[in-house]
Amino acid sequence: MRALTVALLAMVLSACDAGRDGRELETRVVVARGGYTTVAINTEAQVMETGSQLQVRLLAGDDSAIPSENVSDTAIWRSSNSAVATVSDSGIVTGLTDGTVRIVGELGPLRDEVDIRVSSAELSEIRVSTDNALINECSSASFTAMGVYGGDAELRNITGLVDWSVSAASGVGVFSSTDTDGLFRSSNAGAATVTAARNGVTGSTPVTVLDNLSQITLPVPADQLTPSKSVQYLATAAFTDSEETIGITNNATWSLTSDVSGFGTIDNTLPVKGLVTASRTGSATVTAACGGLTTSLAVLSGSSTEVVDFFFDPSGNSIRRVFVGATTLQLRSFVRFEDRTASDVTEDSIWTVSSTTSSSLTLSNLSGTKGLLTIQGAGTITVQADYIDDSTDITVPYRRSIEVEIFSP
Amino acid sequence: MHPRRLLFLLLLVLPAATVAQTQNLYFAASADRQTFGVANSEFTTYVGALSIGYWVMAGVGVELEVGTGLSDDTINTLDLSVTSMLAVNLRLESPPLDDVSAYVLFGASAMALDSGFRDVANSSDDHAFTGIRGAIGLSLKLTPQLRLDGGFTRHQYDDEIGVNSFRFGVRWVMEPTGLGELQ
């Protein structure tokens with residue numbers, strides 16, 4: 001019996017390759033969950049140098065739009081000839097020797113493929129060009145890098161393979177690593193040099209950012225900001241020498257200020273700039289800056305979503321508890337909006353004691369500990385909280401009271 | 001239940017019955033509610049299992065377990081079902097206290113699943129996994145030979161796939177005064 005058991009165990013463990021089947025099942029679940037019906041391979045280049053690496057991405061989507069969801073880490077990758085190039089589990093192709101290889105990306109029943117040529121020809125020169133060497137302040141310009149390989153034998157587009165930079169001293173703009181390859185974003189007037197570099201070879205071209213920004217405008221978004229929700233703010237620019245206006249949301253520097261502590265945040269990093277997420281009700285100021293100009297816009301969180309209720313946690317009109325030693329009880333106040341969402345306004349409320357029978361019960365109205373009841377003995381206390389909705393013209397506060405009775409055992 | 005699977009279970013009963021007279025053997029039938037965690041999604045299926053065990057010493061048994069899915073589940077458009085399960089366990093069982101014993105199982109298991117997309121022809125695919133498993137549970141003595149078992153099992157097939165399983169079943173001990181009966 002023991003020998004049989006050992007034999008069966010060995011049979012079970014050697015029966016199949018768990019990892020591969022697990023990955024295939026995972027890809028199928030991802031397809032089902034995402035509702036994907038098509039995939040497409042996206043690559044920065046179709047010719048690569050021996051010894052170099054190339055990121056190939058598998059993008060998934062449905063039939064209604066161009067695939068955009070990056071599923072490279074989930075996909076199953078295959079190389080038709082691993083002597084020429086290998087491909088990793090995340091789609092990184094490594095060129096080994098001269099030749100052409102077919103890279104296949106599979107996601108469940110969906111698949112796409114691309115031919116990649118591996119070449120040992122050496123890069124001798126990079127030619128950088130742009131159609132926009134002279135651009136408006138705070139606007140963007142695309143640059144292209146063409147690599148010269150094997151003397152003059154071959155010219156390849158290597159825009160997605162080079163490292164982009166701009167002469168730092170000028171401060172006229174940046175290339176972002178999270179941005180579209182070769183896209184330069186200006187932020188100040190001036191002249192600069194754009195450089196593309198790869199394998200120790202560099203190529204450059206000048207760019208001039210005009211000093212022509214006249215105004216930044218922040219339109220009021222259609223969506224209303226409310227606590228725990230996000231609203232995208234956009235910035236547009238007008239210029240002194242033309243009637244053209246352009247969006248500069250991703251070129252501007254954004255900030256958010258408010259007298260309300262913990263009001264919310266604003267995203268100031270690509271790829272999402274100008275996205276305000278409010279945590280609390282109240283007012284704040286959104287500011288966009290570029291080219292030495294700044295524009296601000298007053299924003300309100302919860303202004304159109306009217307407060308319809310003000311309530312406590314614990315709920316009810318009274319609390320009765322046995323005194324079992326010194327302790328604390330945190331009372332919290334909340335508002336509920338028209339859309340039935342609720343927000344904790346404990347720190348925005350004014351906490352007072354309406355009546356008390358004992359000095360053993362004390363209530364805090366200090367910032368950071370508002371609503372905290374300290375219990376050091378038996379007694380009864382009636383606590384009142386007032387909340388004024390700053391986002392409306394209503395001056396009558398919302399008010400709730402709760403009686404807390406602590407009795408001796 | 002798929003007729004093929006029912007036949008599969010019946011075929012497993014027959015050889016078990018032929019060795020039913022052997023001392024220190026025990027047999028069990030159980031139903032598992034298994035929840036698979038795959039790619040941040042879950043699907044749940046019921047698996048019927050039969051097992052045969054042998055007490056190698058007091059409170060220590062080795063088991064062979066086979067099973068098949070009794071129900072299917074769906075993640076959006078993907079239908080999933082367990083086609084077969086095979087496992088070997090080492091059982092450690094405590095002495096009974098008021099007819100209740102605690103047990104733990106350690107072992108390895110293999111699982112075969114079938115997946116297919118609805119409305120997509122020829123999209124069915126088989127998947128096989130091997131991994132380790134561990135279980136804890138309680139066993140209630142109903143009669144000198146009959147036990148009622150209930151417990152929890154965790155299967156880990158690889159980094160991507162884990163299975164939580166709740167088991168309920170009965171176990172027939174051939175020789176109540178044999179090795180398995182710790183005092």
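# A guided reading of a two-chain predicted model

Read along the sequence, the pattern of chain B is α-β-β-β-β-β-β-β-β-β, that is, one helix and nine strands. Helices (H or I, at least four residues) and strands (E, at least two) are DSSP runs, numbered from the N terminus. This is a predicted model, in which local features need pLDDT of at least 70 and side-chain atom pairs count only at pLDDT 80 or more, while totals for chains, interfaces and linings use all residues. Residues are numbered from 1 along each chain as its sequence is written, chains are lettered from A and ligands numbered from 1 in the order in which they are written, and side-chain values use heavy atoms, with hydrogens and water left out.

Chain B has 183 residues, of which 49% count as buried. Here buried means under 20% relative accessible area, exposed means over 50%, and partly exposed lies in between (1.4 Å probe, protein chains only). A contact means heavy atoms within 4.5 Å. Of the contacts in chain B with a separation of 6 or more, 57% are between residues 24 or more positions apart.

Trp172(B) lies in strand 9 of chain B. Leaving aside neighbours within four places in sequence, Trp172(B) is in contact with Leu25(B), Tyr26(B), Phe27(B), Gln145(B) and Leu146(B). Trp172(B) and Ala29(B) are 143 residues apart in sequence, yet their C-alpha atoms are 8.8 Å apart in space. Trp172(B) counts as partly exposed because its relative accessibility is 37%. Tyr54(B), in strand 2 (residues 41-57) of chain B, is likewise partly exposed, at 24% relative accessibility.

Two loops of chain B contain residues with a positive phi angle. Asn76(B), in the loop between strand 4 (72-75) and strand 5 (78-93), is not a glycine but has a phi near 50°. Asp99(B), in the loop between strand 5 and strand 6, is also not a glycine and has a positive phi of about 70°. Asn76(B) is partly exposed, with a relative accessible area of 48%, and Asp99(B) is partly exposed at 40%.

What volume does the largest cavity have? The value is about 130 Å³. A cavity is a set of points, on a 1 Å grid over the protein atoms alone, where a 1.4 Å probe fits but cannot get out; a pocket is an open set with protein on both sides within 12 Å along at least five of seven lines, and lining residues have an atom within 4 Å of a point. Grid points are joined across faces, edges and corners, and a volume is the space filled by probe spheres set on the points. The largest cavity is lined by 19 residues, and nearest its centre lie Ser30(B), Arg91(B), Tyr103(B), Asp149(B) and Arg167(B). Among the strands of chain B that each supply at least two lining residues are strand 1 (25-38) and strand 9 (161-173).

Chain A has two helices and 37 strands, and buried residues make up 44% of its 409 residues. Its accessible surface comes to about 19700 Å², of which 48% belongs to carbon and sulfur atoms. Asp344(A), in strand 32 (residues 342-344), touches Arg332(A), Ser333(A) and Phe334(A), not counting residues up to four places away in sequence. Two cis peptide bonds can also be located in chain A. One runs from Leu270(A) to Pro271(A), with omega near 10°, and Pro271(A) lies in the loop between strand 24 (264-269) and strand 25 (272-278). Another joins Asp313(A) and Pro314(A), with omega about 5°.

The second largest pocket holds about 380 Å³ of space. Of its 15 lining residues, the closest to the centre are Glu44(A), Ser177(A), Asp179(A), Thr180(A) and Asp181(A). Domain 1 (2-119) and domain 2 (123-209) of chain A each contribute at least three residues to this lining; the domain bounds come from an automatic or database domain assignment.

Notes
Accessible areas come from the Shrake-Rupley method with a 1.4 Å probe; for residues, only the protein chains shown count as cover.
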